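Here are my notes on the model, point by point. Please read them with the structure open.

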Protein chains: 4
Amino acid sequence: MSALAFVGGTLVDATGAPPLLDAAVVVRDGRIDWVGPASGLDRGSGLELFDVSGKHLVPGLLDANVHFVLHVEPDVLFRYDVGDYDELVLEAAQVALRTGFTTVFDTWGPLQALIRVRDRINRGEALGSRFLVAGNIIGNDGPWSMDFFPSTGAALSQEMVAAVNHEWEQGVGAELTWMSAESVRERVREYIATSGIDFVKYASSSHAYMRFLALSPRAQQAIVEEAHAAGMIAQACSQAIEPLRAAIDAGVDLLQHADVTGMNPIPDDVLELIVERRLPTVSFMNTTAYIEAINDRAGSWHGSDFGRVLRVKDENNRRFIAAGAKLLMAHDCGLFGPTAKTSPFFATMQTGVPDYPYYLGESHLYWMRAAFERGLEPMKALQAATRNIAEAYHCLDEVGTVEVGKRADLVILQTDPLADPDSYGRITDVVLGGRIVDRDRLPEHPILTHSRES
Amino acid sequence: MSALAFVGGTLVDATGAPPLLDAAVVVRDGRIDWVGPASGLDRGSGLELFDVSGKHLVPGLLDANVHFVLHVEPDVLFRYDVGDYDELVLEAAQVALRTGFTTVFDTWGPLQALIRVRDRINRGEALGSRFLVAGNIIGNDGPWSMDFFPSTGAALSQEMVAAVNHEWEQGVGAELTWMSAESVRERVREYIATSGIDFVKYASSSHAYMRFLALSPRAQQAIVEEAHAAGMIAQACSQAIEPLRAAIDAGVDLLQHADVTGMNPIPDDVLELIVERRLPTVSFMNTTAYIEAINDRAGSWHGSDFGRVLRVKDENNRRFIAAGAKLLMAHDCGLFGPTAKTSPFFATMQTGVPDYPYYLGESHLYWMRAAFERGLEPMKALQAATRNIAEAYHCLDEVGTVEVGKRADLVILQTDPLADPDSYGRITDVVLGGRIVDRDRLPEHPILTHSRES
Amino acid sequence: MSALAFVGGTLVDATGAPPLLDAAVVVRDGRIDWVGPASGLDRGSGLELFDVSGKHLVPGLLDANVHFVLHVEPDVLFRYDVGDYDELVLEAAQVALRTGFTTVFDTWGPLQALIRVRDRINRGEALGSRFLVAGNIIGNDGPWSMDFFPSTGAALSQEMVAAVNHEWEQGVGAELTWMSAESVRERVREYIATSGIDFVKYASSSHAYMRFLALSPRAQQAIVEEAHAAGMIAQACSQAIEPLRAAIDAGVDLLQHADVTGMNPIPDDVLELIVERRLPTVSFMNTTAYIEAINDRAGSWHGSDFGRVLRVKDENNRRFIAAGAKLLMAHDCGLFGPTAKTSPFFATMQTGVPDYPYYLGESHLYWMRAAFERGLEPMKALQAATRNIAEAYHCLDEVGTVEVGKRADLVILQTDPLADPDSYGRITDVVLGGRIVDRDRLPEHPILTHSRES
Amino acid sequence: MSALAFVGGTLVDATGAPPLLDAAVVVRDGRIDWVGPASGLDRGSGLELFDVSGKHLVPGLLDANVHFVLHVEPDVLFRYDVGDYDELVLEAAQVALRTGFTTVFDTWGPLQALIRVRDRINRGEALGSRFLVAGNIIGNDGPWSMDFFPSTGAALSQEMVAAVNHEWEQGVGAELTWMSAESVRERVREYIATSGIDFVKYASSSHAYMRFLALSPRAQQAIVEEAHAAGMIAQACSQAIEPLRAAIDAGVDLLQHADVTGMNPIPDDVLELIVERRLPTVSFMNTTAYIEAINDRAGSWHGSDFGRVLRVKDENNRRFIAAGAKLLMAHDCGLFGPTAKTSPFFATMQTGVPDYPYYLGESHLYWMRAAFERGLEPMKALQAATRNIAEAYHCLDEVGTVEVGKRADLVILQTDPLADPDSYGRITDVVLGGRIVDRDRLPEHPILTHSRES
């Protein structure tokens, strides 16, 4: 494979260094081979030049929390034999790649299908964003259980419900919440050893009701220890103050949506702890337009006042920004087909709502817009979507910045991402492992996105 | 095509004539060519002999009320693009054929799929029981509407619910119950002219609540008149006394489950009317074992006491038999896959219940057993499953008895159906249009019956 | 009792005669004794004068369809032993009287309590609007049954639900809808003879689903015949076209809310029939403000599109007015306490909705406003609230106009009811049976209206 | 007040001492004045003798966990102004006294009504079992909230639901589960200081779902510390292993139903901890007949398998007995009126179930039967219902055994409680504070128990 040089654009390498005008980036054998001023480029020896004058180069984007299979409704999942969701996964990975994501982290999904597609992409047999998988959120039952959408589960054949839920649960579902911490440890150790997951996610908050601790602090600690013993990072899903605190105390490596603390904002001491320890803090930041639209609707989630939850979240995010927390961009996003617009669950909050943040490929634009609105420095916003995530997931040596030796993942933008957050939506090219992606053919087999595309 | 002679068995031709011992039946070109004592058979000229000594010949069975697509739950229907249920229909037609049915009447289902398969079978492109179709029960909305399983509908994408319901409704759904009789007439006339249906069925009772009139007597009369004007027979679904009465007054040609009259038995005068006019009376007769099992459970259907409904039905059936009504065998049966056993709707009443009468291919055995239990003469029981149905559906010149000139549809039984009702389940061969069916390969592509078979 | 003369106001006697300026009305012994120009008044002999100069006199108002006990929720009804709702009934009768109603017709309620209070008022033991009672709507089960608010019923002790429902059902509930017309006749005959009701109301439409016929035309005819045989008028509750038609054909004396025909407007021929026969036509007319507010909300009632039902109703009413139908004012109104504002059923459609028409004492103001909006002549609007109702209920010889010999029921208004519909809300005095009502003390024991008053 | 001597019976004083045959117990001024062999009794000086020859004396019984107001359904609670449940409380206290209970502990109820009646009894203004109150289970919302019976709440006026729930919540409801441990501490401190409660109970398990931690271990510790700082004992409601463990670690003084650990039995190490520390262990022991009856029914509680929960509980209890845990008798019992037999919640599991343990006045008989079945020594069973509870609640110096100086609370039984558990139901007399109770007049105003009595 010959080398390729992107010449003439402005490089924002996400290391924190100031933008380099009229830069050149050379990629070779899938890696970044040279970075510097275009003037210093050695143009000899089979180097193919790619003119990006007037454009902006940033690292391939990362997302700290996606769910490739999120449209978990019967009309989608029953199209397939139980668990054979590979084409849904691949479609999502290709939508991610098309929109600038070169590495993402799937933190809840049907494990076997995710692993199969992850491995196909890693082996070069399929094209799509690289991704790592958590599988189940340990301690939760599957999508049609009482922990997520119980009324869907109640309307279907119980045999099918159990089978579909199992694709998510994989032996580490709600039954663990009945167990002693010691039994949880044992079960999780085996799961880590045999399941093929890349990192560990567990439920600190109960998903139903949000506010309870699904797993005791002792059990949480056991899980984190097992993850670390296996060389994995661990993260927790928390949605209230004490579950967040429990996750921190348990030693998690990444706080999944630490901005979501239910009905009350994060206490000062907890916030300070997060900032001081430089804990990677995933933020589900929303735009003001979205928050206001939702506030005007009557809404509740398991008895909480959803509008208040959003306002508290906003307050937390503003405090995170002011305190200089190490933020990571994410939004619980995934692919949805057109039928989601009339689904009992996914329809409610999106019809007529601006900046709805749950669609993969769009949600990051609203995140960036919200970050700019709230005064996060543009450079830090970029790092939240690149460097910080790579660091948090322990792969900063491979991805997350444009530096020599790293994977050659680049996004080329028409306008300046440090000046205008919408620039992230003005992609001219995506480079994955040194190759320019033919974005027009992605996704190759549109299923859910068929109608959205046409 | 050469001729074939079934020689040596006992023939019960369903005309009412006494059994003919040591009979011969010659079939040629798909028709019955000769019937008589084996001793009178002209054995020359290329006649292939088929020895049925010791066995019993009856006409191919008919069923007055099947629903080929009855397992209308998301895990079944969402396997297909909306409406593409052909393989479900064909499987049912093949199960019917395998179990002795050569002509059946589908009285509620997804019209286009039914028509496609009906025509394929008629053209000889597919093997299965012949069947005629009603499509929708005029005046009812589809399976996931408020008229049938509203909580299924509520748990799914409304776009998909509407699309699936439409496969049943076909423009003659519940909206007709809001209309004037005049508008109903107009709509039904167009439907009859353009839909491809074979006969007309409408809702006299509301399906939800059972006890209301879904269509006014004026509207019912309009529908029957339109059916007759188009040369079709008309039938009504009634589940209470006044709806039954309204259907009779409207001039229907066949009383669909006249034994089901809700919480109170048929009044004497109505019963007499039915008997005197020789109105074809479909009966959903149950065995005593079934009735008792259901009575021991708490059960209700839209606020009725289901146990009482069954007891009233039993009383009606005993009175029909005593009065010599012209009974037709049927049971609302269809195919179900194994997931029905844990479905919210179909599971409730079948687990551990003997003689459960809703499985196509089995339900007629319970009907026969119930008929014998209640003292219906065995010859009349046979006619209820053959001759009477053919006559009611105006095709007695083609099917329903073993007589020269009719279609050569035969069922060969190991034991005497006049002595033991279980004989109907002891089939050695089925003859459809003069050909011996290879029953072992039916259904050719088992979908729903896959697990039941294995 | 000495005589009393109301002198100097403008009299609109509701006979259709033009207003009489500077009129005098003499009342004596509870009856109207003399009506004429004030100048012709014989002022001698103990006549007490009551100066109404500048004011407007109309007959005491009537309402063709009230439900004194309409706030049928557990927090109201469980305050009492089952059926002991007398104080709720009396409060409603007093609110009616205070707001100008001297005779109303309760068309659905707990029969025994209604009868007890009706009789107390008639005997002069209690003060309140006179009222006649229908008791149950024959064919419907009680308020917590499947016919009205099934989810209330499901959440309570079944023993209590049955007991409360029985106060409404009185042996002529939904069980009649399972019966033959002959059995219905028998049951209704006995009910009329023994129940103490004043007039008969039955369900032509099913209350749940609206669109079905709850009782067959044969059964309806039987009911009307039995009512007439007992010297009572009969009326039907219909909410769709064919049920309306069935009621007309059955010979009812009054069409209860004939403007409500569900999803489709009244056919021309039915409308002509109503107009030609001068059938008393209760109208549930709404203001445009109300219709628009409701249309902006997602709303359904048993699967109908509630917004469309309102628009169809409006169209019907405009056609009734144009065709000169004999309209009667009513609105299904009743008393509600403050807890209705947060009830699962009554809250939905009233919060923030203008001209909400279900509060007794207010609803008629919206009716008048709607009538003026739609161009009904002011004189005819007044007659719809007085003369026409009296005539329809066969008591025009007693009430409904200001004529000599009739009961001395008067409402004195500050402004001209023929010029401004809001005049009906500007009452200075109410005269019931010749006595000026002390409106300030009504209701004497505010229960439901306690908070509204304070 | 003169002294009274109970002479001639067998005394089982619950200290653990062997039964004293032909004993005498002298009570004076409400206290026990002398205990010894009848032969040693000084019969002079105004001593009234009460012959109990052939009978058995035990201390007045205690119950570690009652809910005087447990029939929390609309037909009961809506009879009263919100919170005015005093007559329900008093009735329960009198039923308790009549059946042998002289001191009980109400661990969940409407606080103000409980306090009012508690104080009336303490002041001698009303007759009934003495009782101490916890008020709310801190961290739970009220009875009609999502934590208990959400579908009741959904069917009623939200204004009323909030008001009724508040009677239980008292500012320490579910909102605490959203808070930091520090905020919980503050709120609880104020609650303890101002509410008038006698002891503290909090939710370690979530009530809905059972298996989650409603309050974090940090919050639990804060609550226990605040209780102790105020001189109160603290107890936790736990229903799964980790919540039980968290409660122990938090330092609670009494384990409320430690035998209920959801789907899995108590781990050995936790059981050993309980036994070694002599932690007062409330047990909800059931008879084998009850367990088997429930197991034969399909039953679930928030997604758990209720039958399995019972079997696990039984296993825990057998292990507690074998290990010599310090058991306390209780059963979540309360008063129910006859309408509970058809209530959506309370009906399900009692119809036709033997030894149903939730009726105050009966439940202890099943406990005793279950204890004997499982081999608990009769003397220890008696102590579980007397001495152990008194000790756990820190009032052993006042009640719990028959010893000089204590309150003169006695139960006189016809048969030997150490030989036959049913003896506890064969009461001849109850002595409360030295006075023989006129049991025949209790309850004085039967409301809920009216029908059960008649």
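1. Aromatic pairs come first. Over all chains, the structure holds 72 of them. Keep in mind that this is a predicted model.

2. Take Phe6(B) and Phe50(B). Their rings form a tilted pair, 5.2 Å centre to centre, with 55 degrees between the planes. Phe6(B) sits in strand S1 (residues 4-11) of chain B and Phe50(B) in strand S4 (residues 48-51) of chain B, so the pair ties together parts 44 residues apart in sequence. Phe6(B) is buried, at 0% relative accessibility. Phe50(B) is partly exposed, at 22%.

3. Next, Tyr85(B) and Trp168(B). The ring centres are 6.2 Å apart and the planes are at 50 degrees, so this pair is tilted. Tyr85(B) lies in the loop between helix H1 (74-77) and helix H2 (86-98) of chain B, and Trp168(B) in helix H5 (residues 158-169) of chain B; the pair therefore ties together parts 83 residues apart in sequence. Both Tyr85(B) and Trp168(B) are buried.

4. Chain A has a cluster to inspect. Phe149(A), Phe336(A), Phe345(A), Phe346(A), Tyr356(A), Tyr358(A) and Tyr359(A) form one aromatic cluster.

5. Now the interface. In it, 21 residues of chain A contact 21 residues of chain B. The two chains bury about 1700 Å² between them, 55% of it on carbon and sulfur atoms.

6. Which polar links cross it? There are two salt bridges between chain A and chain B. One of them joins Arg79(B) to Asp81(A), with the closest N and O atoms 2.8 Å apart. Twelve residue pairs are in polar contact across the interface.

7. On the side of chain A that touches chain B, helix H1 (74-77), helix H4 (150-154) and helix H5 (158-169) of chain A each give two or more residues. By class, that side has nine nonpolar, seven polar and five charged residues.

Notes:
Residues numbered from 1 in each chain as written. Chains lettered and ligands numbered in written order. Predicted model: local features only at pLDDT ≥ 70, side-chain atom pairs only at ≥ 80, totals over all residues. Heavy atoms only, no water. Phe/Tyr/Trp six-rings, centres within 6.5 Å; stacked < 30°, edge-to-face > 60°. Helix = DSSP H or I, 4+ residues; strand = E, 2+ residues; numbered from the N terminus. Buried < 20%, exposed > 50% of the residue type's maximum accessible area, 1.4 Å probe, protein only. Contact = heavy atoms within 4.5 Å. Buried area = accessible area lost by both parts, 1.4 Å probe. Salt bridge = Lys/Arg side-chain N within 4 Å of Asp/Glu carboxyl O. Polar contact = N/O pair within 3.5 Å; in protein donor to acceptor, adjacent residues only side chain to side chain. Nonpolar A, V, L, I, M, F, W, Y, C, P; charged D, E, K, R; others polar.
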